[in-house]
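Here's a quick tour of the model you have open. Let's start with a word on angles, then walk through the parts.

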Amino acid sequence: MAKIIGGITSSHIPAVGNAISQGLTQEPYWKRFFDGYEPAKTWLQQAKPDVVIVVYNDHGLNFFLDKVPTFALGCADIYENADEGWGLKPTAPFTGDAQLSWHIAQSLVEQEFDICTCQEMKVDHGFVNPIRALYGDHEQWPVKAIPLAVNTVQHPVPSAARCLKLGRALGKALESYPEDTRVVILGTGGLSHQLQGERAGIIDVEFDLECMDKIATEPEWMTQFSNAEIIRRAGSEGIETIMWLVMRGALKDDAAVLHKHYHAPISNTGAGVLVLDNQ
Amino acid sequence: MNWQKQDYDDIPGTYVFDGQRAHPAYAINKLLYTFNDEACRAEFDADPAAYCDKMGVTGDFKKAVLAQDFLGLLRMGANIYFLAKMCIPRGVSVQDAGAAFQGISTEEFQQRLLDKGNGLSDILAKRGDYWNG
């Protein structure tokens, strides 16, 4: 049977990709941010997942605004990164697990999450950068990867409560997969940041830390907030934090918290890493 | 018909990208989306006005594109992630744009960001269960 061995959260800031490409990870600005990933990297090396499911939002690479699925799942054998117009160097393509994806899609629809299935799906920095931060760069990635995209770009955006429920349905889907597949779920994006408007540049350290603490041990706490309330505290782009709840919902309520790392600012953002062991 | 009021409308300095913004700004966002393609970026650079015409970007939207008025574009409904596809290849970073939105220099904007991290190590030490370098 498939087994969810754990969950990790990571911000997916574009500048992180450039820092890795340009070999800047030990420069003073970046060092503390990247050093905080080391325990997560060590845990992944020991846990050896076969597949990572990456919960992220597309920022206008795969999805234009002509069609914006609220939840979309990659159901392909391969996922390519590509030019996003931001000067990020495209990475090697990622190998998927189409059979697992289609099983997840079927189970989610049976559980009334009517997810959009994608047989072609370009993956942007939101998907790529957390994998690069956790695994380093590779021509052949050492793990299979499945993209699960959540619309956090064009409102209406799903609520924190809905994301937590999707995670629980994802957990059930994986538990019912007959193959012996070891899965880690990455919840990406956030934490507080706002790129746009006169309020650009806000970071709320206290709110970020409270979100990290509660998502780790009491994720229902996040569901008290409307999206407007999250935007008010965490910024218009900070709404991405709801995607951490998809990861968290898929894990056991009492999953062990192995590592918590927070850094601010990195680029425009408060950035957090959680490692949760589900075994 | 009026657009329905939203509970985020009163957040200052914030232009939540919803139907009210996406609907009138569809053409400009479509133009910005084409900048994923290097050939389209080059075509735009060669003659921005002609590229706007080709993509159906007219009126105030076209004026704002030609003036590189990023805040104006945002207010009219350009999405920040799509707008970044125009800014970044022109040497305008997201932080430069953030500074421009506030009418301050990029250095001031960056300093304000750095100030958000003041005392972080002490805050994390008090909480006790965070990795702290």
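## A perpendicular pair in chain B

Angles under 35 degrees count as roughly parallel, over 145 as roughly antiparallel, 65 to 115 as roughly perpendicular and the rest as oblique. Helix 8 of chain B and helix 9 of chain B pack at about 100°, their axes 8 Å apart, so the two are roughly perpendicular. Helix 8 of chain B brings B:Gln95, B:Asp96, B:Gly98, B:Ala99 and B:Gln102 to the contact, and helix 9 of chain B brings B:Thr106, B:Glu108, B:Phe109 and B:Gln110. (In contact means C-beta atoms, placed from the backbone, within 7 Å.)

## Ground rules

This is a predicted model, where local features need pLDDT of at least 70 and side-chain atom pairs 80 or more, while totals for chains, interfaces and linings use all residues. Residues are numbered from 1 along each chain as its sequence is written, with chains lettered from A and ligands numbered from 1 in the order written.

## Where the chains meet

Chain B puts 47 residues into the contact and chain A puts in 40. On the chain B side, helices 2, 3, 7, 8, 9 and 10 each supply at least two residues.

## Helix 6 of chain A

Buried residues in helix 6 of chain A include A:Cys163, A:Leu166 and A:Leu170; buried means 20 or more other C-beta atoms within 10 Å of a residue's own, with C-beta atoms placed from the backbone.

Methods. Two residues are in contact if their C-beta atoms, placed from the backbone, lie within 7 Å. Helices (H or I, at least four residues) and strands (E, at least two) are DSSP runs, numbered from the N terminus. A residue is buried if 20 or more other C-beta atoms lie within 10 Å of its own, exposed if 12 or fewer, and partly exposed in between; C-beta atoms are placed from the backbone. Axes are lines fitted to C-alpha atoms, for helices over the stretch in contact, and angles run from 0 to 180 degrees between N-to-C directions.
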